[in-house]
Amino acid sequence: MKWLYCSHSHLPPPPPAVSSFSSLQHIASSQPKGISKVILKKGKIQVFKDGSLMVYSGAVDRIICRPPPKTGDIVLVADGTEKPIGWGLYNSVSMFCVRLMRLEEEATRDPSCALDMEKLLVTRINAAIELRRGVGLPPTTINAYRLINSEGDRLSGLIVDAFGDLAVVASSAAWVEKYKSQVEACISRIDEINHIHWKPSVEILNEEGLDAADLKELHPSTCPQRTKVRKWNILCNLIGGSKDRSLC
């Protein structure tokens with residue numbers, strides 16, 4: 001992987017808005033600190049346009065920025081001509097160099113969440129809630145189901161299981177830890193949820209560059225001693241529900 005450095009203060013003004021111009025590039029050019037750009041190797045583009053969310057370090061040709069991006073930073077992902085195909089969250093340690101969050105085509109249709117992780121979190125979590133309500137979850141006879149299913153809800157590294165009025169958050173990505181307060185705020189707005197228990201996947205987060213000791217300090221257990229779960233049903237698995245009933 002090669003690094004190219006450029007001073008964002010000397011970038012030329014953005015070209016006129018025409019159909020071939022990148023919406024993401026235009027939005028990125030207005031950011032005060034600039035946005036780093038991760039350039040993919042030739043032949044590595046289509047897999048991400050087809051829906052893959054994980055950009056492995058081996059797929060990266062070079063990174064254009066100064067200073068280098070930090071873990072959790074928003075970056076553009078671009079083809080060999082430096083035209084963005086999407087944006088995501090960078091990790092300097094993980095084998096997943098970028099977790100792709102949104103494609104260029106989506107930013108063109110709806111720029112409201114472009115390069116804004118907090119707004120995107122609200123949009124994706126609300127969409128996950130509506131999806132489950134659309135299939136009748138939770139019904140009156142069941143109160144245990146998967147509320148957010150990582151890549152299935154396009155929030156790679158974030159899983160939330162509902163057990164009655166308790167939401168158990170399984171965090172397995174550095175970006176989830178960075179946006180912990182925003183995730184909790186979104187979940188706390190759900191009418192059925194009164195408690196949130198944060199459960200970091202320590203071994204995976206170590207590979208993401210986070211220290212296990214820090215994680216234990218950040219997440220003291222506040223899980224209720226007992227939670228009543230009614231009638232676990234195979235319906236929960238239709239959207240990725242887990243059979244693991246361990247809460248704490």
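Is the crossing of H4 and H6 left-handed or right-handed? The crossing is right-handed. This is a predicted model. The mean pLDDT of the protein chain is 83, and 79% of its residues reach 70 or more. The largest nonpolar core has 39 residues, and helix H4 supplies its largest share.

**Helix packing**

- Helix H4 covers residues 117-134, and helix H6 covers residues 180-188.
- The two helices pack at an angle of about 35°. Their axes lie 10 Å apart.
- On the H4 side, the contact is made by Glu-118, Leu-121, Val-122 and Ile-125.
- On the H6 side, Gln-182, Val-183 and Cys-186 make the contact.
- By type, the residues of this contact are five nonpolar, one polar and one charged.

**Nonpolar cores**

- In soluble globular proteins, nonpolar side chains tend to be buried together.
- Within the core of 39 residues, those with the most contacts are Trp-87, Leu-115, Met-117, Leu-158 and Trp-175.
- Six residues of this core come from helix H4.
- Leu-115 can be followed through its contacts, leaving aside neighbours within four places in sequence. Its partners are Leu-24, Ile-27, Ala-28, Ile-35, Ile-74, Leu-76 and Trp-87.

- Strand S7 spans residues 96-103. Both Phe-96 and Cys-97 are placed in it.
- Phe-96 has 16% relative accessibility and counts as buried, because the cut-off for buried is under 20%.
- Not counting residues up to four places away in sequence, Phe-96 touches Met-54, Val-55, Tyr-56, Asn-91 and Glu-208.
- Phe-96 and Met-54 are 42 residues apart in sequence. Their C-alpha atoms are 5.9 Å apart in space.
- Cys-97 is buried too, with a relative accessible area of 2%.
- Cys-97 and Glu-208 are 111 residues apart along the chain. Their C-alpha atoms are separated by 9.8 Å.

**Positive phi in loops**

- Glu-82 is not a glycine, yet its phi is positive, at about 75°.
- Glu-82 sits in the loop between strand S5 (74-78) and strand S6 (84-90).
- At 32% relative accessibility, Glu-82 is partly exposed.
- Arg-154 also has a positive phi, near 60°, in a residue other than glycine.
- Its loop lies between strand S8 (144-149) and strand S9 (158-163).
- Arg-154 is partly exposed, with a relative accessible area of 27%.

- Over residues 5-11 the pLDDT is below 50. Beyond near neighbours in sequence, this stretch has eleven contacts in the model.
- Over residues 233-248 the pLDDT is also below 50. This second stretch has 35 contacts in the model beyond near neighbours in sequence.

Notes. Residues numbered from 1 in each chain as written. Predicted model: local features only at pLDDT ≥ 70, side-chain atom pairs only at ≥ 80, totals over all residues. Heavy atoms only, no water. Core = buried A, V, L, I, M, F, W, Y, C linked by side-chain atoms within 4.5 Å. Buried < 20%, exposed > 50% of the residue type's maximum accessible area, 1.4 Å probe, protein only. Helix = DSSP H or I, 4+ residues; strand = E, 2+ residues; numbered from the N terminus. Contact = heavy atoms within 4.5 Å. Axes fitted to C-alpha atoms, helices over the stretch in contact; angles between N-to-C directions. Left-handed = near helix turned anticlockwise from the far one by under 90°. Nonpolar A, V, L, I, M, F, W, Y, C, P; charged D, E, K, R; others polar. pLDDT = per-residue confidence, 0-100.
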